[in-house]
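Please look through the sequence and the model shown here before reading on.

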Amino acid sequence: MRAVVLKEFGAPLVLTEIEKPIPGPGQVLVRVAASGVNPLDAKIRAGKAAHARIQPPAVLGLDLAGVVAWRAAPVPAQS
């Protein structure tokens, strides 16, 4: 799968091929249709958000739209 990866603080984000993650208990795998970078992502990239506890390399961003492609038990189904 493709992801935008922070390889080191202060460096540009890099579009990279990475392995598709395998969801663990209570997690879901989302097929992302659209995503964005928010102000916290910009602070993390700059190395100015120690409270976020992110260490490179890392995939940033939680702002996204998509569909659940797979869910691990015991994630309850939404109706």
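## The largest pocket

On a 1 Å grid over the protein atoms alone, a pocket is an open set of points with protein on both sides within 12 Å along at least five of seven lines, and its lining residues are those with an atom within 4 Å of a point. In this predicted model, the largest pocket is lined by 31 residues, and those that lie nearest its centre are Met1, Arg2, Ala3, Val32 and Val59. Two or more residues of this lining are given by each of the elements E1, E3 (28–35) and E5, with E3 providing the largest share, namely 8 residues.

The volume of the largest pocket is about 1,100 Å³.

## The chain as a whole

The chain holds 1 helix and 5 strands, and, read from the N terminus, its elements follow the order β-β-β-α-β-β. Its C-alpha trace spans about 40 × 25 × 20 Å along the principal axes, and 19% of its 79 residues are buried. Among the contacts in the chain with a separation of 6 or more, 65% are between residues 24 or more positions apart.

## The sheet

Strands of a sheet pair through backbone hydrogen bonds, either parallel or antiparallel. Here 3 strands form an open sheet in the order E2-E1-E4, and their pairing is antiparallel. Strand E2 (14–17) and strand E4 (58–59) are the edge strands, each of them pairing on one side only. Strand E1, which covers residues 2–6, is joined to E4 by 2 bridges, and Val5 has Val59 as its bridge partner in E4.

## The nonpolar core

Which residues make up the largest nonpolar core? It has 5 residues, and these are Leu6, Ile44, Ala49, Ala58 and Leu60. When residues up to four places away in sequence are not counted, Leu6 touches Ala11, Leu13, Ile44, Arg45, Pro56, Pro57, Ala58 and Leu60.

## A closer look at Ala65

Leaving aside neighbours within four places in sequence, Ala65 is in contact with Arg31, Val32, Ala33 and Ala34. The C-alpha atoms of Ala65 and Gly36 are separated by 9.3 Å, although these two residues are 29 residues apart along the chain.

Terms used. Residues numbered from 1 in each chain as written. Predicted model: local features only at pLDDT ≥ 70, side-chain atom pairs only at ≥ 80, totals over all residues. Heavy atoms only, no water. Pairing = 2+ DSSP bridges. Helix = DSSP H or I, 4+ residues; strand = E, 2+ residues; numbered from the N terminus. Contact = heavy atoms within 4.5 Å. Core = buried A, V, L, I, M, F, W, Y, C linked by side-chain atoms within 4.5 Å. Buried < 20%, exposed > 50% of the residue type's maximum accessible area, 1.4 Å probe, protein only. 1 Å grid on protein atoms, 1.4 Å probe; cavity = no way out; pocket = protein on both sides within 12 Å on 5 of 7 lines; lining within 4 Å. Points joined across faces, edges and corners; volume = space filled by probe spheres on them.
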